[in-house]
Amino acid sequence: MKKLKVGIAGYGVVGKRRHHFINQNPNLAVTAICDKTFQDGAENLGNLKIYRNFRDLIGNEDLDILLVCLTNDVAAEATILGLNKGLHVFCEKPPGRNVQEIEQVREVERKFPNLKLKYGFNHRYHDSIREALKIVALGEMGKVINIRGIYGKSAIVNVSDGWRADRSIAGGGILLDQGIHMVDLIRLFAGEMEEVKSYVTNGYWNLDVEDNAFALMKSTLGVIVQFQSTATEWRHRFNLQINLEKGSLVLAGILSGSKSYGQETLTIYPRDLESGGNPRLETINYLEDNSWRDEINEFTDHILKGEPVKTGSSLDAYQTMKLVYQIYYADPEWREKYNITY
């Protein structure tokens with residue numbers, strides 16, 4: 001069977017990681033890559049066609065699939081160019097700098113119903129998350145009552161050129177860059193939000209993007225959510241507690257590339273009133289991160305089988321992006337300062 005030809009636009013840490021797992025799929029072959037840092041004569045990348053500009057890669061190469069691993073300011077543009085070229089597109093999160101950009105993408109997507117568009121909300125594919133979703137869906141622990149989540153790191157600027165702290169490129173700070181993953185997961189467990197209150201600040205790092213966002217939300221299903229996205233955590237942290245009618249699920253740690261968030265675990269404990277608040281715990285430890293592999297393989301299967309994208313669709317991206325901007329908007333000072341709309 002002829003392999004699908006893949007072009008990777010943006011060859012930083014994420015682009016290289018995606019390449020690694022594409023190579024493991026027998027139905028895919030990377031044939032071209034681009035990155036603005038490439039210099040002329042980069043022969044050490046084998047037989048790959050090399051570009052410095054994503055527009056040249058999309059316009060000149062004979063591809064089946066485009067992977068967009070670019071900065072936020074051009075993610076939507078590259079996705080639209082790929083769709084208009086007749087390519088299936090996989091785009092990393094966030095889908096752009098604001099809600100309007102993902103709306104523009106979706107408008108173009110409607111013209112090409114046979115093309116697959118998927119967004120890289122990678123945390124959905126972590127084994128701990130998938131197991132927790134199965135438990136909730138099974139219903140034996142009852143309905144979700146409330147959720148508490150924190151996703152934090154020790155700084156905003158973690159790349160050499162500092163683009164993540166430049167609002168014109170990034171669109172937002174820690175919430176849009178990292179917290180969007182947990183916002184996306186909260187939607188999966190709690191449903192869409194009907195009320196959002198927030199406090200957003202950039203008072204510590206004094207950059208043009210937020211370093212903290214606190215949100216108190218209520219979903220249409222009646223689930224109350226407390227959430228913090230922070231760049232002043234000092235020790236990297238991922239913790240998501242889901243309280244149900246008959247027990248709780250606690251997701252802690254994440255098997256990131258840096259390994260700085262600690263062991264990935266899912267702790268399950270029942271509602272046990274006779275225990276005096278100390279129920280028996282069951283903790284599952286996860287030793288491998290198969291999320292990158294599984295995400296690419298699922299996308300490939302959708303293309304080969306002509307199936308719709310099941311998770312990480314443009315609608316998912318739109319709803320998650322909209323909630324991020326609802327959090328921005330709900331703080332009146334932040335809304336006025338940065339003219340936030342959604």
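What percentage of the 342 residues in the protein chain is buried?

Analyst: The model is predicted: local features need pLDDT of at least 70 and side-chain atom pairs pLDDT 80 or more, whereas totals for chains, interfaces and linings use all residues. Residues are numbered from 1 along each chain as its sequence is written, and side-chain values use heavy atoms, without hydrogens or water.

Buried residues account for 55% of the 342 residues in the protein chain (buried: under 20% relative accessible area; exposed: over 50%; partly exposed: in between; 1.4 Å probe, protein chains only). The radius of gyration, taken over C-alpha atoms, is 20 Å, which agrees with the value near 20 Å for a compact globule of 342 residues; that rule is 2.2 Å times the number of residues to the power 0.38. The protein chain comprises 10 helices and 14 strands, assigned as DSSP runs (H or I, at least four residues; E, at least two) and numbered from the N terminus. Of the contacts (heavy atoms within 4.5 Å) between residues at least 6 apart in sequence, 67% join residues at least 24 apart.

An α-helix has 3.6 residues a turn, so residues three or four places apart point the same way. At the start of α4, a side-chain oxygen of N98 comes within 3.2 Å of the backbone nitrogen of Q100.

Key. A polar contact is a pair of N or O atoms within 3.5 Å; within protein, one must be able to donate a hydrogen and the other to accept it, and residues adjacent in sequence count only if both atoms are side-chain atoms.
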